[in-house]
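Have the sequence and the 3D view open while reading.

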Amino acid sequence: MGLSAAALLWGLPGLLLTIALHPALSPCPAQASVPAHRDYCVLGAGPAGLQMAYFLQRAGRDYAVFERAPGPGSFFTRYPRHRKLISINKRYTGKANAEFNLRHDWNSLLSHDPRLLFRHYSNAYFPDAGDMVRYLGDFADRLGLHVLYNTTIAHVTLNKDQRAWNGHYFILTDQKGQAYQCSVLLVATGLSVPNQVDFPGSEYVDGYESVSVDPKDFVGQNVLILGRGNSAFETAENILGVTNFIHMLSRSRVRLSWATHYVGDLRAINNGLLDTYQLKSLDGLLESDLTDLAIVKDHEGKFHVTLKFFLEEGNRSADAVPLPQDDNDNFALRVAYDRVIRCLGWNFDFSIFSKSLRLSAGGELSKKYPLVKASYESKGSRGLFVLGTASHSVDYRESAGGFIHGFRYTVRAVHRLLEQRHHGVTWPSTQHPITQLASAIIRRVNEASGLYQMFSVLADVVLLKENATAFEYLEEFPMQMLAQLETITGRRARHGLFVINMEYGRNFSGPDKDVFFYDRSVGHTEDAWLSNFLHPVIYYYRHLPTEQEVRFRPAGWPLPRPTAIHHIVEDFLTDWTAPVGHILPLRRFLENCLDTDLRSFYAESCFLFALTRQKLPPFCQQGYLRTQGLVGTESLRQRGVESGLLWDYATVGRGDSGQQPGDHGPGQHPLAPGPPVSPFDSNKEEL
Amino acid sequence: MSFSFNALRVGISFVMMCIFYMSAVDSLPELSPQKFFSTLQPGKATLAYFCQADSPSTSIFLEELNEADKPLQDYGISVAKVNCVTEETSRYCGSEKDLMKAYLFRGHILLREFPTDTLFDVDAIVAHVLFALLFNEVKYITTLEDLQNTENALKGKANIAFSYVRAIGTPEHRAVMEAAFVYGTTYQFVLTTEIALLESIGTEDIEYAHLYFFHCKPVLDLTQQCRRTLMEQSLTTLNIHRFMKTMEAPLLTEVAEDPQQVSTVHLQLGLPLGVPVEFLVLNNIDLIVSRVESNMHIEETHEDEDNDIEGPDMDIQDDEVAETVYRDRKRQLPLELTVELTEETFNETVTASDSIVLFYAGWQAVSMAFLQSYIDVAIKLKGTSTMLLTRVNCADWSHVCAKQNVTEFPVVKMYKEGENPVSYAGMLGTEDLLKFIQLNRISCPVNITSVQEAEEYLSGKLHKDLISYSSVSVLGLFSPTMTTAKEEFTEAGNYLKGYVITGIYSEEDVLTLSNKYAVTLPALLLARHKEGKIESISLANVHAQEIVQIITNASLETFPEITVENLPTYLRLQKPLLILFSDGSINPQHKKAILTLVKEKHLDSLTPCWLNLKNTPVGRGILQAYFDTLPPLPLLAVVNLHSGGQVFAFPSDQTITEQNLLLWLKKLEAGLESHIKILPAQEWKPPLPAYDFLSMMDAATSQHPARKVPECIKETDVQENDKEQPEDKLAIRNEPTGTLRTKHWNRSNWFEEAKKQFS
């Protein structure tokens, strides 16, 4: 990912940079003050740090945020270099629903204060980074968050103590030698170290962090840009009009975010060079591994690309170094460049963390991030959580967890986990009678922003009560932690559960895929499982999956194989409220999982059932029998008679009612229980 | 259940015959036993009735037998009446007791003897006789196993005509037997009277006779099920004949000549019924299918042979609320009569004036159905109420609703200045909500300040305009020092606010009232305005919750008219209902009889009530469920809803008097009355299956996504799949969507192809 979602990517300006600039501060001063204690310490007052501070503040917790700079969001004071955020600030959606509108607001943090919405800070669809700095400042001030500015945490270590919540305290030491003892450490320092590739001649290269942003400095030049992410393209875009040509070189092929559905890949707003490349305007893209590369400077001060391998043949003057074009006279990079610019992204700063914390880098694809569990807790030390951009190893190249519009929800999930773990506050939930199940799901898939932004990472969970007569609804649970749901939430999942996720079609997105192919959308309910665009998917489990089942789930599945699955067919308007297209198939799915009839009935039908059957459908039991039946109006009654779903009892048995073909016969209510169908869940006693 | 039910029917038909057939002429040959036996021909069947006297009771049977003569003749069976009165005796004549018997002979061999009450009418006679004669052709079975055995035995050999009739001797049974007489050698007929058997093969509406054609002849694989076709029409001889004919006819006939000249079985049978023959040019399968489906009278029910779960009806709305709301969606409601609240206006509005707020969701059917009632309330209250009627669409303002603790829909809350919001807990309908709003105009309990005011309150004069909304007025009587008791009562009054009018009196002269109504304090007086009665109940050491219970129970009537709205309140008593069904207002004699029994405590184990079909037309549906056809009214029934579900009907030939009713109830209690019906105890299962997407996904990947398969194995699998599917992907991709919709396997292939293209 390059400087993609540029502004968003780095929660906090690099603490390390500061330390590097002030080497004198690194050794701890001798003064051994008593460490100040905080239950929660947050590193970094970027968007993620402030978001966590907000939740801690609202819960009345003992916390402090440590920030190196004199104000919040200092990363955004410098980055992105060309100042345009590529996170959208969509101010109009045609809807009043504030929760829904957050689906299209990629910059705001979560709070109860409607004034703290980013649309009040910028009119631009792609806002200026300065507005983000202003916004974050207001967010910290208005909410009165406890941030210690100008406090550079230089060192973090672990102090074992039986009395501590997690068996140890985190000891933070700042630049003045002041120590802080923390029960829980929340690291929201972003990615702050520019990624550098070491190759011969790398000293001639300008870094993205310091390269000129004035196009005048590039007039009439041949420019080579190393990198293929948003920062590389952003840089190219800025000078496209004044250079002779721009060549872009990187190991991997370009990944277009509209093909991958990953906002960290190249966004269309930055890809002007692709246009000029493909329209034969001299600019171009090349693929090669940068570690094989060497750059030599000739006597005119121009740069030539060659291979490291050639340099190993002994010391020669720059002009004598062999070049690929010596043997291969049509080598693509045979021209001399006036400038080479490095835009290779950023890494997490591991250096301030003591070895005892066992904070290690993620896997091959995500080694720029610290390794964390799906609960955002470090694998190495309990009580250490990574938030914000730095937590992106969980969903790198998949969902939005590395960006404000994603991590604002994962931070909330971490906070909910902490509330349960340390304060016995169970995961918030609402409880409803089973007849509300379809409505509860429909409501969430239509408005929930957390599900929508953090698709396939955060999912809603429905926990069924005994006999499936009621359920609890939990929002935005980290779905990879499903096996540990009871511990994390403090809720019981003993009678089966549903998981509500949002997903793109399995084979729809990815680099190089044609996402605009003919016939790409699905309209029929029975084809819903072939939906390509983001759509709700509901998993039903009779039992909570085990850790093993989650870990060894089928490839490409976000969750283990369920007892049954339902896809709500993709919708062009992302409006899943169509009675027959969306709600009816969902009801049938739920009915078959629960082996019951979830239809709604007017009071008159319930009355008939109550006097002609020994059992009543749940809707009549939970409504009518509790004197809360739905009476209906005369016009609705007539519609019912018209549709054949209701009888006109005034004429029943009057001789003129004559049976019509297809009638079920007198006495048999058209909606009475149908013949038994085989439900998904044949194991009835479980429910 | 069906058995006793039929016995009842038999009784009825005998009575009917007495009336209409007394004077009919007897034309059967009357023979002496000797003469009769001499006329019997080898191989020929004869039904003979042996009787001694021409008594009126036997002549009823003779009328029926006489009627049966002609149809039986058609099947080559003769009918005779044998007179035992002469000197000759025969063992068939029997003694007095065995008078009522008929005998079926083939030649001289006795095949079967019939008590005459089994041959209760023409249909029964024909059915029984044919049933006896076609013993081999018509197999009578009682279990699913029998059916499966028969089915298995005939696979690849012959087709089966399987029928269910409610009882032997019914008109449907006769029709089946007549069909068996004709087709018995071609098809194996199988007959059952077991409902369970019919249920087990997945039939709906088991109350009626059914005939299935099992296509077993073409089935060669023994593991395969025979395809079944259900005959949709009622079981009459003609319908069965037509059905059998079409089962034989090819579904499609290819012709090369002028269509006018073509004659197929269907055309000969005049099918499709009542529809003129049309000649159409149809371009694709879908058009033909939809054309036929819309005109279809004989619908085929296919068994799940190819695991094809595409039921034809899964996309058809079967939720009455959702469907009616959808059909009514274009109605313009006068929504402007209520104030629409938003995030900005909500707090301001509900604090500025007393308000009712309806929280609903625009996409939720139940909400939208109730919105109509809500608007009706607004229409009724227009310009008269100080209460502001408002609404919030939670689909738009979810934060507003969440802040008010509303997470399900619909919810009605009342906001009054200085009080906590109150959720409305009554029926979601115009009348009950209106009542709630009206009764909330007064603060409950009302503080009564003088004895005179208390009397006005009890007589209903004080709240004249509200009396119609509350069947009772409750007045708590306390001496001024009874603080705790007053608090408990006030709490109860608050709780019942909007449902019952309550008042409180605790002045120094409270004894005037307690003496007048002969109660010790603390107490409550309960004024039943309709009956003009005032009851008193002592309230010593009773908590608010119990007071609520006392008032709720006391406001129940002793012999209420049961309605859709009030039934739940009476069902809470958990007693069997004694319902008097009446078409219009109740006969005062009947009412008096029942009230007397109530007074004498004979009905304590029951909830006596009556149902006015004029006010509650759905009562007809109930009667039909109990009796099949609407019985004459008024009619009295005991419905044991809570244990067993039996329905007992008070004999229609008895008048509803105290004595008769009491006697009947005694017999009922002693278990001497048989029920006319047991209410089905069926669970409410999913009405239809759901799409099984998991199976579709499995089918598409051609194997279950393995749980613990290492990466390398998966890759080889993918390659193998590729090899197995050599079709041209472009060709498949370019097919129009219409054809892609037809079958799953088709789509699955397409999916495979699409996947390959992406990988």
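## A disulfide in chain B

Cys216(B) and Cys226(B) form a disulfide, with 2.2 Å between their sulfur atoms; a disulfide here is a pair of cysteine sulfur atoms within 2.5 Å. Cys216(B) and Cys226(B) both lie in the loop between β9 (210–215) and β10 (227–230) of chain B, so the pair ties together parts that are 10 residues apart in sequence. The torsion about the S-S bond of Cys216(B) and Cys226(B) is about 110 degrees, and the disulfide is therefore right-handed.

Cys216(B) is buried, at 0% relative accessible area, and Cys226(B) is buried at 0% as well. Buried means under 20% relative accessible area, exposed means over 50%, and partly exposed lies in between (1.4 Å probe, protein chains only).

## How to read the model

This is a predicted model, in which local features need pLDDT of at least 70 and side-chain atom pairs count only at pLDDT 80 or more, while totals for chains, interfaces and linings use all residues. Residues are numbered from 1 along each chain as its sequence is written, chains are lettered from A and ligands numbered from 1 in the order in which they are written, and side-chain values use heavy atoms, with hydrogens and water left out.

## Other disulfides

A search of the whole structure finds four disulfides over all chains. One of them joins Cys41(A) to Cys182(A), with an S to S distance of 1.9 Å. Cys41(A) belongs to strand β1 (residues 36–43) of chain A and Cys182(A) to strand β6 (residues 179–187) of chain A, so this pair links distant parts of the chain, 141 residues apart. Strands (E, at least two residues) and helices (H or I, at least four) are DSSP runs, numbered from the N terminus. The link of Cys41(A) and Cys182(A) has -85 degrees about the S-S bond and is left-handed. Cys41(A) counts as buried at 0% relative accessibility, and Cys182(A) is buried with a relative accessible area of 0%.

Another disulfide joins Cys394(B) to Cys401(B), S to S 2.0 Å. Its torsion about the S-S bond is about -95 degrees, so the disulfide of Cys394(B) and Cys401(B) is left-handed. Cys394(B) is buried at 2%, and Cys401(B) is buried at 1%.

Cys609(B) is buried, with a relative accessible area of 0%.

## Strand β2 of chain B

Strand β2 (residues 45–51) of chain B has seven of its seven residues buried, so this strand is largely enclosed by the rest of the structure. Ala45(B), Leu47(B), Tyr49(B) and Cys51(B) point one way from β2(B), while Thr46(B), Ala48(B) and Phe50(B) point the other way.

Two strands pair if DSSP finds at least two bridges between them. Seven bridges join β2(B) to strand β3 (residues 77–83) of chain B, and the two run parallel; Cys51(B) stands opposite Asn83(B) in β3(B). Six bridges join β2(B) to strand β4 (residues 101–106) of chain B, and these run antiparallel. Lys101(B) in β4(B) is the bridge partner of Phe50(B).

## Glu30 of chain B

Glu30(B) is in strand β1 (residues 30–31) of chain B and counts as partly exposed, at 42% relative accessibility. Leaving aside neighbours within four places in sequence, Glu30(B) is in contact (heavy atoms within 4.5 Å) with Lys81(B) and Asn83(B). Glu30(B) and Tyr49(B) are 19 residues apart in sequence and 9.6 Å apart in space, C-alpha to C-alpha.
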